Amino acid sequence: MSEKEKNKKELSPEDIRWRNPKYYFNRELSWLQFDRRCLSEARSKENPLMERLNFLSITASNLDEFFMVRVASLQDMCKAGYSKKDISGMTAGEQLEAIIQDTHDFVDMQYSTLNRQIIPALREEGITIVDGTQQLTSEEKAFVDEYFETEVYPVITPMAVDSSRPFPLILNKSLNIGALLKRKENAGRGILTHTKKSRKSLKSEKDNLEFATVQVPSVLPRVIRLPEEATGETALQDGHVPVRVILLETVIRDYIGELFQSYDVVCTAPFRIMRNADMDIDEDEAEDLLKEIEKSLKQRRHGEAIRLEIEAGADRRLTQILEEELKLDEKEVFHIDGPLDLTFLSKVRKVEGFEDLHEHRYLPPQEVPELPEGCDIFAQIRKGDIFLSHPYETFQPVVDFVAKAAVDPDVLAIKQTLYRVSGNSPIVAALAKAADNGKQVTVLVELKARFDEENNIVWARMLEKAGCHVIYGLVGLKTHSKITLVVRREEDGIRRYVHLATGNYNDTTAKLYTDVGLMTCKEHFGEDATAVFNMLSGYSEPRSWNCLILAPIWMKDRFVYLIGREEENARKGEPARIVAKMNSLCDPDIIEALYKASAAGVKIDLIVRGICCLRVGIPGVSENITVRSIVGNFLEHARIFMFENAGHPEFYAGSADWMPRNLDRRVEIVFPLEDESVRAKAWHILETELADTEQASILQPDGTYEKVDRRGKAKVNSQLQLGEEAAEAARKARAVMREQRVFVPEEHHETEE
């Protein structure tokens, strides 16, 4: 008997402890693996150079949010004496220790990528990031002199620290220049000369040094392009005109002596801090949730410091002052070998004249075949359910759905949930117009959408002024569902049109995130949609639902049932399979159900972009489970679920991941895909992503991810393929329209706008 067979015998379903911590990965360490997958795209020479910059920038913004929310939450647990272990068997303290160690390694890899790959590649293509003003030509120096004098100097404010001026508030994520100063011997006694000793932490009696800091103003461009005529260089062989840029903090640092003219600048160093940004709001006690959130947003700017980034090689005396004032341990200090806050690379990426270094294979969003430009959208929906796949297909029909309802005299009411919207949202404008036209407009604006709170407060107030009925959701729960209901009077009576989606009503991110949606006017969908809004706006909770599955009450049980049904079918020898696509998987009840189904012989293929706490390859437990993550040109955001159901497959899509927060603490909606044509499109997305050999990484038993072994496999880039297929479908639809002599606008172009 082989060792594998022995393990299987030992781990029979009757004996398995499904919640054994050894069967689960830690949530936070799994997230760090996701950011490593993003970093691997920045390191891949198969990607165009400017896209590599973009991925490296993304890893930095991802890490910032991770610290502000997840690490901050773990620190709060530790301070509260919370000792309960997570599903992987780790305490909060153990998680923090592992995260800090892993993050230090990760940051080292980020800057190794920047310094050894990205910067040399940029220089080779003609883009130079100047390290200091001493590297400037005389013409460039004259330009920077004037720029500092006229643009920078009037804006910046030096902050000295002494007995009368306490350590200043260092804003969350702000970039700063710290300095140690020594008063010049020939400097006279000015009005600001110290009359008392500074605090010992900020002044050494031996060295007689003073501490000061300058915030790098976010209102000025961080990347400053030096005048091209000052370079004195000709175009490179590939046609690029050489470009030299300098960072704003480099300029301020080199001119900092201008701010402290009575002092010698002993040393300087850029630094940056992360603060706890996890908002804690007692909704039960909040008389006005909007005002309570506004107050919490102000507190977020100066929450407790949790991480310090400072330039590698900074004077130890300067670092020690910051550690003491910010109350940080040495392990929470990250010594950075390069410019702080790599999100500046997204600005370098936008430097003009280097378009050939960008990704150009992906086509712009295509027209939806069932919804040609200028069509009667309500008439088209009456023909049958319409499946939308963004960004391969344009988001415009969703905007049109609301915009046309706003001016349609037969529309009586519009109801919609808004979680995240764009800065200049056409959907919000349409809702306001609908209210102005006398329609009943109800909008649930989720004020607790993390890091979009301020934006949503603005929209909520604007909609209220326009005459919309604005609600803020249910106490203690985030409303994360994506649903729009349009009530219309027609010849045969009242008809309800519904749009359901996996993504937000955000026309900007719809071009960057992969999501799916459904437009329908089926009566059972309309009844459920009405019940959803009645539940959100009042106290009407339906006893049952026709087709929609809602969290936090019904959804988890339904998913566990569907997974369990596959398990039973496998034991009966009937067709059993699960294919599920989502952003994250970490709910222990769902994972346990998947383990049981796998042990029974169910083939389970999971497409999980980010966190995955499930382990693959455990003998007798998860041998039938595969997990792949796709990181590509677009952010994978759709949630699609297929259950084989003994040869009668059921398909669902929705707003919920398989996470406790989605299933237990949010209002989420998962909806069935019923029409055969709609199901075929959803299945094709899943099939294509399972066949991906270029953007997919496969989860290994040790928790790491490896790219697909391409040997003997066809090259498949799922995102590129789905985009090309959407373009072909749009071309065919337009050809049919021409044959039928349907008017096709001449100004429409299927190539890049």
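This is a predicted model: local features need pLDDT of at least 70, side-chain atom pairs count only at pLDDT 80 or more; totals for chains, interfaces and linings use all residues.

Trainee: In which sense do strand S19 and strand S20 pair, and over how many bridges?

Mentor: Strand S19, residues 577-582, pairs with strand S20, residues 603-608, in the parallel sense, and the pairing runs over six bridges. One of the bridges can be named by residue: Val 579 has Asp 605 of S20 as its partner. S19 is also mostly covered, since five of its six residues are buried.

Helix H15 covers residues 555-571, and helix H16 covers residues 588-599. The axes of H15 and H16 are 9 Å apart and meet at an angle of about 5°. An angle under 35 degrees counts as roughly parallel, so H15 is roughly parallel to H16. On the H15 side the contact is made by Lys 556, Phe 559, Val 560, Ile 563, Glu 567 and Arg 571. H16 contributes Asp 589, Ile 590, Ala 593, Leu 594, Lys 596 and Ala 597.

The whole structure holds 21 aromatic pairs. In one of them, the ring centres of Phe 559 and Phe 641 are 4.9 Å apart and the planes stand at 55°, so this pair is classed as tilted. Because Phe 559 belongs to H15 and Phe 641 to strand S23 (residues 640-643), the pair ties together parts that are 82 residues apart in sequence. Both Phe 559 and Phe 641 are buried.

Other rings are found elsewhere in the chain. Trp 31, Phe 34, Phe 66, Phe 67 and Phe 334 make up one aromatic cluster. Phe 334 also takes part in a contact with a charge: the charged end of Arg 307 sits over the ring of Phe 334, 5.5 Å from its centre. A second case is Arg 183, which lies over the face of Tyr 263 at 5.4 Å from the ring centre.

For another sheet, turn to S1, S5 and S6. These three strands form an open sheet with mixed pairing, in the order S1-S6-S5. S1 (127-130) and S5 (223-225) stand at the edges with a single partner strand each, so one side of each has no neighbour in the sheet. On average, neighbouring strands of this sheet are turned by 30° against each other, direction ignored. S1 pairs with S6 (residues 243-247) in the parallel sense over four bridges. Within that pairing, Ile 129 stands opposite Val 245 in S6.

Two loop residues complete the picture. Asp 408 lies in the loop between helix H11 (396-407) and strand S11 (411-418). Its relative accessibility is 11%, so Asp 408 counts as buried. Leaving aside neighbours within four places in sequence, Asp 408 is in contact with Phe 378, Lys 439 and Arg 488. Gly 353 is found in the loop between helix H9 (345-348) and helix H10 (377-383). With a relative accessible area of 42%, Gly 353 is partly exposed. Gly 353 and Val 241 are 112 residues apart in sequence, while their C-alpha atoms are 7.3 Å apart in space.

Note on methods. Residues are numbered from 1 along each chain as its sequence is written. Side-chain values use heavy atoms; hydrogens and water are left out. Two strands pair if DSSP finds at least two bridges between them. Axes are lines fitted to C-alpha atoms, for helices over the stretch in contact, and angles run from 0 to 180 degrees between N-to-C directions. Rings of Phe, Tyr and Trp (its six-membered ring) pair if their centres lie within 6.5 Å; planes under 30 degrees apart count as stacked, over 60 as edge-to-face and the rest as tilted. Buried means under 20% relative accessible area, exposed over 50%, partly exposed in between (1.4 Å probe, protein chains only). A charge sits over a ring if NZ of Lys or CZ of Arg is within 6 Å of the ring centre and within 35 degrees of the ring normal. Angles under 35 degrees count as roughly parallel, over 145 as roughly antiparallel, 65 to 115 as roughly perpendicular and the rest as oblique. Contact means heavy atoms within 4.5 Å.
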